[in-house]
Amino acid sequence: MALLEVDDLRTHFFTREGTVRAVDGVSFAVEKGKTLGIVGESGCGKSVTALSIMGLIPKPPAKIVSGSVMYEGSDLTKLSERELEDVRGREIAMIFQDPMTSLNPTLTVGTQITETIRRHYDVSQKQANKKAAELLEKVRIPRAAERLLDYPHRFSGGMRQRVMIAIALSCDPKLLIADEPTTALDVTVQASVLDLLDDLRHEYDMSMIIITHDMGVVAEAADDIIVMYAGQVVERASTLDLFDNPEHPYTEALLGALPQIEGANVRDGRLTAIPGRPPDLIDPPAACRFGPRCRYAGSDDCTKHEPQLREIRSGHWVRSAHPASERAGSRKPQEVGS
Amino acid sequence: MATTPTDIREEGLVEAALGVSGTPIRQSNLWKDAWRRYIRNRGAVVAGAGFILILLYCLIWPIISPYDPNAVDYSQAKLDPSLEHPFGTDKFGRDLFTRTAVGGRVSILIGFGATLAILLIGVVYGSLSGFVGGRLDNGMMRFLDALYGLPYLPFAIITLAIIGRTDMWTMMIALSIASWFTTARIVRGQVMSLKENDYVRAAKAVGARWYRVLGRHLLPNTLGILIIAIFLELPAVILGEAFLSFIGLGISPPDASWGAMAQEGRGTYRTHPIEIIVPSVAIASLVLCANFIADGLRDALDPRTRES
């Protein structure tokens with residue numbers, strides 16, 4: 001059985017301008033010991049999905065309208081705030097995008113780690129300190145025991161993200177949600193933080209959800225990937241299958257927009273971009289949400305009816321009327337705007 | 001650096017460099033920075049020194065003074081300043097230098113007491129309103145708007161009349177009951193903006209309960225603003241006390257406060273003006289010092305104030 005099962009999750013923001021359907025019917029599962037990557041561009045609902053799992057969405061204006069988040073047999077969306085607080089950190093931990101602002105500047109790093117430990121475990125301050133030093137060592141911070149007494153401003157961005165990881169791991173969670181864990185870091189630091197996360201995941205036998213807009217990050221870290229667009233899952237597959245045989249036109253376009261530095265696909269000149277902008281989530285198209293930007297959208301069914309997520313082959317799900325494998329030969333790619 | 005710059009190696013090098021030179025580059029933290037900025041503000045330093053001097057004078061002089069502040073001796077009445085009586089004596093022959101110190105104790109005690117009460121009410125009300133937010137916040141703030149319409153001193157006078165007794169404690173109540181509104185608003189605004197911080201969300205994401213979020217992550221970060229609020233409220237309260245005592249509603253003779261002393265001196269201001277000048281100058285200097293300190297603190301605690 002999967003560790004976490006999200007089923008038809010809908011999180012809407014009720015604003016003055018109207019209802020923003022930020023997450024609109026998202027389903028996925030995270031297996032024990034596996035890493036799931038969630039990719040998509042800004043505003044597609046990746047982070048809101050994660051925050052909905054944790055019960056951290058700002059209420060109001062946001063509300064989980066329907067759907068369930070099953071974690072080890074209990075529905076997290078039905079838990080009270082008090083019960084959720086016991087789940088957070090202990091069962092599911094989360095790290096955020098910006099390590100520079102995610103630590104309280106007025107407390108020492110040690111205090112911030114030990115407080116989390118003592119929140120969930122009944123241990124003495126001394127034991128907590130010992131554990132905190134071990135954790136800092138685990139996340140490869142030199143002179144760990146001394147650095148517990150330092151304030152966050154004496155750490156670099158990469159080191160702060162390591163401290164955040166240490167805090168997240170301090171209570172041995174079974175699931176770690178990393179929301180753009182490397183976006184705010186230098187490229188070299190990014191790689192080492194990703195390595196660290198992967199090593200620790202094996203060591204702690206955790207499951208992980210990595211949220212990112214960087215295809216490179218998920219390619220490296222994830223076992224399975226879901227691609228989100230405008231609040232919906234548009235494609236779900238294993239990492240290898242997704243990169244080798246992308247089915248959804250959006251996924252194809254995302255991969256096509258990646259710069260290649262070696263291999264057969266090296267291009268000269270400009271990178272290809274996806275024309276247009278994501279739809280307004282207050283009033284999304286009734287038909288396929290990617291339709292207006294899709295180069296294969298014609299006058300057929302997909303401009304009138306919303307395509308459903310279907311299993312095109314074992315383990316590969318796609319929400320499109322024109323997945324690549326059904327398109328080849330039978331349809332000619334159409335130019336946008338013609 | 002020709003090595004492959006992995007994160008750890010780079011950070012390791014930085015660490016090593018620190019170790020060799022012995023001392024870290026510069027221990028910079030908020031309070032040290034603030035202290036350095038404050039020290040550079042000459043006006044604020046002088047005001048701080050003056051404030052401490054006045055406090056020490058009020059605290060120590062009544063203990064070592066040879067005169068009883070309440071002993072009436074008509075043979076010594078209305079003396080001009082001299083070596084025996086640096087501020088002269090009043091119409092009852094009491095030594096003004098001693099009496100000013102004793103009166104200062106009362107005035108300053110009322111000032112600090114009422115300020116503390118203001119902070120307490122303001123912090124509880126403001127943080128509750130800002131932290132919970134939503135409808136409760138809206139209701140609490142509209143209630144505050146309504147209270148804002150009440151004039152401060154008449155409200156204090158009415159409070160005193162209702163209690164029907166005037167001593168130090170009732171004065172504190174009367175002066176704080178109508179002046180915590182601004183502090184509550186400041187705290188509320190600060191809590192509202194702090195609670196959007198990433199580290200608050202991060203703390204919640206590892207299971208911190210609300211009281212921990214409030215007590216550990218929100219209130220300590222309002223401390224800087226609260227310290228400024230203390231020195232802004234203090235002069236207002238001291239002036240309020242002086243005013244109430246001056247019009248005869250506050251501390252009453254023979255007990256002394258600066259306001260009460262000025263009230264006594266009012267009768268003889270033509271013939272023996274020193275009696276009203278001394279407490280007035282005392283009030284003015286303390287208020288001036290507190291204002292300068294508040295100003296210096298505001299500059300010092302604002303990290304955007306860069307020293308040139």
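I293(B) touches A44(B), A47(B), G48(B), F51(B) and F231(B), leaving aside residues up to four places away in sequence. Touching, or being in contact, means that the C-beta atoms of two residues, placed from the backbone, lie within 7 Å.

This is a predicted model, in which local features need pLDDT of at least 70, side-chain atom pairs count only at pLDDT 80 or more, and totals for chains, interfaces and linings use all residues. Residues are numbered from 1 along each chain as its sequence is written, and chains are lettered from A, with ligands numbered from 1, in the order in which they are written.

**The core.** I293(B) belongs to the largest nonpolar core, which has 161 residues. A168(A), I177(A), I209(A) and I293(B) have the most contacts inside this core. Such a core is a set of buried Ala, Val, Leu, Ile, Met, Phe, Trp, Tyr and Cys residues joined through C-beta atoms within 7 Å. A residue is buried if 20 or more other C-beta atoms lie within 10 Å of its own, exposed if 12 or fewer, and partly exposed in between; the C-beta atoms are placed from the backbone.

**Chain A overall.** Chain A has 11 helices and 12 strands. These are DSSP runs numbered from the N terminus: helices are H or I with at least four residues, strands are E with at least two. Buried residues make up 46% of the 338 residues in chain A. The C-alpha trace of chain A spans about 70 × 45 × 40 Å along its principal axes. Of the contacts in chain A with a separation of 6 or more, 64% join residues 24 or more positions apart.

**Two sheets.** Strands pair if DSSP finds at least two bridges between them. One open sheet of chain A has 8 strands in the order 6-7-8-3-9-10-12-11, with mixed pairing. Its edges are strand 6 and strand 11 (310-313), each pairing on one side only. The other open sheet has 4 strands in the order 2-1-4-5, and its pairing is antiparallel. Here the edges are strand 2 (18-30) and strand 5 (74-75), each pairing on one side only.

| Strands of chain A | Sense | Bridges | Residues |
|---|---|---|---|
| Strand 1 (4-15) and strand 2 | antiparallel | 9 bridges | V6(A) and F28(A) |
| Strand 3 (35-39) and strand 9 (224-229) | parallel | 4 bridges | L36(A) and D224(A) |

**Around strand 6.** Is strand 6 (residues 92-95) of chain A covered on its faces, or exposed? Both faces are covered. I92(A) and M94(A) are buried on one side, A93(A) and I95(A) on the other.

**The contact between chains.** How many residues does each chain bring to the contact? Chain B gives 23 residues and chain A gives 33 residues. Helix 1 (7-21) and helix 9 (198-205) of chain B each supply at least two residues of the side of chain B that touches chain A. Helix 9 of chain B gives the most to that side, with 6 residues.
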